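Please have the sequence and the model open while reading.

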Amino acid sequence: MVAYSFKQRFAPPIIAGLEPGPLVAGMKRQTIRADRKRHARPGEELQLYTGVRTRSCQLLGRATCTSATPIRLLLGPSPAVEIGGEPAITDAAELDLFARFDGFADWSDLCAFWAAEHAALIEFSGVMIRWEPRS
């Protein structure tokens, strides 16, 4: 079992994404994280929280990891998302769609969040963890 903590702003789309059924607008079933010693592996249970290490810690729910894929975000003047060995996402509409599935309003919202959390970062390499609701 692997636990991930999220900012409070992501709680509503995560909770919506824990409902069974297809992924639709307003649901979050993925997270982008820096490399670390061990991330979730497909088939493992995830615990999704807000406020870890605080008095307001709350379990949002449990899910099953479906993938852990290398990802690279290019947040500068030539934006792109590279996921595994797939062709890069560079089209503005596709970048907005990717951002919405990650819990943001659009690509601009995602970039603003990353700028606020990671000053001066224009390129990020890490892991994208995806999950499905537990059945």
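Which residue's side chain meets that of R29 in a salt bridge? The partner is E132, with an N to O distance of 3.3 Å; a salt bridge here is a side-chain nitrogen of Lys or Arg within 4 Å of a carboxyl oxygen of Asp or Glu. R29 lies in the loop between α1 and β2 and E132 in strand β6, so the pair links distant parts of the chain, 103 residues apart. Helices (H or I, at least four residues) and strands (E, at least two) are DSSP runs, numbered from the N terminus. R29 is buried, at a relative accessible area of 5%, whereas E132 is partly exposed, at 37%. Buried means under 20% relative accessible area, exposed over 50%, and partly exposed in between (1.4 Å probe, protein chains only).

This is a predicted model, in which local features need pLDDT of at least 70 and side-chain atom pairs count only at pLDDT 80 or more, while totals for chains, interfaces and linings use all residues. Residues are numbered from 1 along each chain as its sequence is written, and side-chain values use heavy atoms, with hydrogens and water left out.

By the salt-bridge rule the count comes to nine. One of them joins the side chains of D102 and K28 at 3.0 Å, N to O. Side chains of opposite charge can pair when their charged atoms come close.

Another salt bridge brings together the side chains of E45 and R62 (3.1 Å, N to O). E45 belongs to strand β3 and R62 to strand β4, 17 residues apart. E45 is partly exposed at 24% relative accessible area, and R62 is partly exposed at 33%. Together with R134, E45 and R62 are linked in a network of salt bridges.

Q30 is placed in strand β2. Is this residue buried or exposed? Q30 is buried, because its relative accessible area is 4%. The side chain of Q30 is joined to that of R130 by a polar contact of 3.1 Å. A polar contact is a pair of N or O atoms within 3.5 Å; within protein, one must be able to donate a hydrogen and the other to accept it, and residues adjacent in sequence count only if both atoms are side-chain atoms. Leaving out residues up to four places away in sequence, Q30 touches F98, F101, D102, M128, I129, R130 and W131, where contact means heavy atoms within 4.5 Å.

Next comes the nonpolar core. The largest one has 34 residues, and L46, L48, L73, V81, F98, W107 and L110 touch the most other members. Such a core is a set of buried Ala, Val, Leu, Ile, Met, Phe, Trp, Tyr and Cys residues joined through side-chain atoms within 4.5 Å. Among the elements that give two or more residues to this core are β1 (2-6), β4 (58-74), α2 (92-101) and α3 (107-117). L73 touches residues including I32, V81, F98 and W114, with those up to four places away in sequence not counted.

A88 is found in the loop between β5 and α2 and is partly exposed, at 38% relative accessible area. Apart from neighbours within four places in sequence, A88 is in contact with A80, V81 and E82.
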